[in-house]
Amino acid sequence: MRITAVINQKGGVGKTTTTVNLGAALARKGLRVLLIDLDPQANLTAHLMMDHAQVRSTTYDLLMGNAPLADVARPTATEGLFLVPSAGDLAGAEVELANEIGREYFLKDRLRKDDERAAVFDEVLVDCPPSLGLLAINALTAADEALIPLQAEFFALQGMARYLEVQNLVKGRLNPNLRLGGIVICMWKGQANLSHEVREEVKKSFGEVLFETVIRQNVKLAEAPSAGKTIFEYAADSNGAQDYEALAEEFLARRGVPKPTA
Ligand SMILES: Nc1ncnc2c1ncn2[C@@H]1O[C@H](COP(=O)(O)OP(=O)(O)OP(=O)(O)O)[C@@H](O)[C@H]1O
Ligand SMILES: [Mg+2]
């Protein structure tokens, strides 16, 4: 089981879209994938489950130890893709955890505690809220690596600098194994000079960490959530589906998993 925190403190950069569709692409390749909605906005949950009646226990219950992972993780319409759903109550967790001893370790403890059950999953993707508060710190403490969706905009690198400060603190104090696993540019506007300039800057600063794959701006990706579908269910021939498929291949290649020959 490898845990990836999909994180960027800037809002609306493509964290949730990447979590859903990278996760779905990996599941379609036969991996068992768990998505965790760690955002009180619960966009990931809404994206994958239109019927809120299906939500029995949530990320909040998992963190607080009210329910084990096996009960909280729900199957989705995509085979092999599971979701720990979130709800607004998660906002309260940040406050409740604030005074607990070991407050940064709650997610890690829940995921790593029940090793046998957790080992059922090959990949865990954690969709973080747009902040570097206690929930995001819990994700970084539990994670093997961070995956940063980035928009190719002027302030993107400034945001990265702030993020890296926090990542280094977490690495130094809480999780020595944490590494920056990848940066993926989302909502790519290929016609804009600025996009190319920013991409070059990111490449210069981060080299190989930057994924070659860019996720192009694609209206189908913006429409899919309202249909409660992944991009592969909603528009299998779209650029969005192609780009997330390519990202999944690159993601797995970095894991050293050979491409299927068939
Ligand atoms: N490649 C894309 N092309 C077009 N629209 C996109 C693309 N990626 C994401 N979007 C849309 O942009 C908006 C923000 O994306 P998303 O919700 O994934 O960002 P986020 O980083 O999770 O936001 P938040 O910080 O609020 O959690 C959504 O409406 C989403 O549907
Ligand atoms: Mg989001």
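Residues are numbered from 1 along each chain as its sequence is written, while chains are lettered from A and ligands numbered from 1 in the order in which they are written. Because the model is predicted, local features need pLDDT of at least 70 and side-chain atom pairs count only at pLDDT 80 or more, although totals for chains, interfaces and linings use all residues; side-chain values use heavy atoms, with hydrogens and water left out.

**The ligand and its shell**

Ligand 1 sits in the largest pocket. A pocket is found on a 1 Å grid over the protein atoms alone, as an open set of points with protein on both sides within 12 Å along at least five of seven lines. A molecule sits in a pocket if more than half of its atoms lie within 2 Å of its grid points.

There are 18 residues around ligand 1, and Gly12, Lys15, Thr16, Thr17 and Asn218 come nearest. A residue is near a molecule if one of its heavy atoms lies within 4 Å of it. By class, this shell has six nonpolar, eight polar and four charged residues. Here Ala, Val, Leu, Ile, Met, Phe, Trp, Tyr, Cys and Pro count as nonpolar, Asp, Glu, Lys and Arg as charged, and the others, Gly among them, as polar.

| Residue | Protein atom | Ligand 1 atom | Distance |
|---|---|---|---|
| Lys15 | side-chain N or O | oxygen | 2.8 Å |
| Thr16 | backbone N or O | oxygen | 2.8 Å |
| Arg216 | polar backbone atom | nitrogen | 3.0 Å |

Taken alone, ligand 1 exposes 620 Å², of which the protein buries 81%. Such accessible areas come from the Shrake-Rupley method with a 1.4 Å probe.

The elements that give two or more residues to the shell are helix H1 (15-28), strand S8 (210-216) and helix H11 (219-227). Helix H1 provides the largest share, three residues. Helices (H or I, at least four residues) and strands (E, at least two) are DSSP runs, numbered from the N terminus.

**Buried and partly exposed residues**

Buried means under 20% relative accessible area, exposed means over 50%, and partly exposed lies in between (1.4 Å probe, protein chains only).

Gln9 is found in the loop between strand S1 (2-6) and H1. Gln9 counts as buried because its relative accessible area is 19%. A polar atom of its side chain lies 3.0 Å from the backbone oxygen of Gly159. Gly159 belongs to helix H9 (residues 156-173) and is partly exposed, at 23%. The C-alpha atoms of Gly159 and Asn239, 80 residues apart along the chain, are separated by 27 Å.

Ala25 lies in helix H1 and is buried, with 0% relative accessibility. Its C-alpha atom is 16 Å from that of Phe211, 186 residues apart along the chain.

Helix H8 (residues 134-142) is mostly covered, as nine of its nine residues are buried. Among them are Leu134, Ile137, Asn138 and Thr141.

**Positive phi values**

Ala42 has a phi near 55 degrees, a positive value in a residue other than glycine. Ala42 occupies the loop between strand S2 (33-37) and helix H2 (43-48) and is buried, at 10% relative accessible area. Met187 also has a positive phi, near 55 degrees. Met187 is placed in strand S7 (residues 179-188) and counts as partly exposed, at 28% relative accessibility.

Note on methods
Polar contact = N/O pair within 3.5 Å; in protein donor to acceptor, adjacent residues only side chain to side chain. 1 Å grid on protein atoms, 1.4 Å probe; cavity = no way out; pocket = protein on both sides within 12 Å on 5 of 7 lines; lining within 4 Å.
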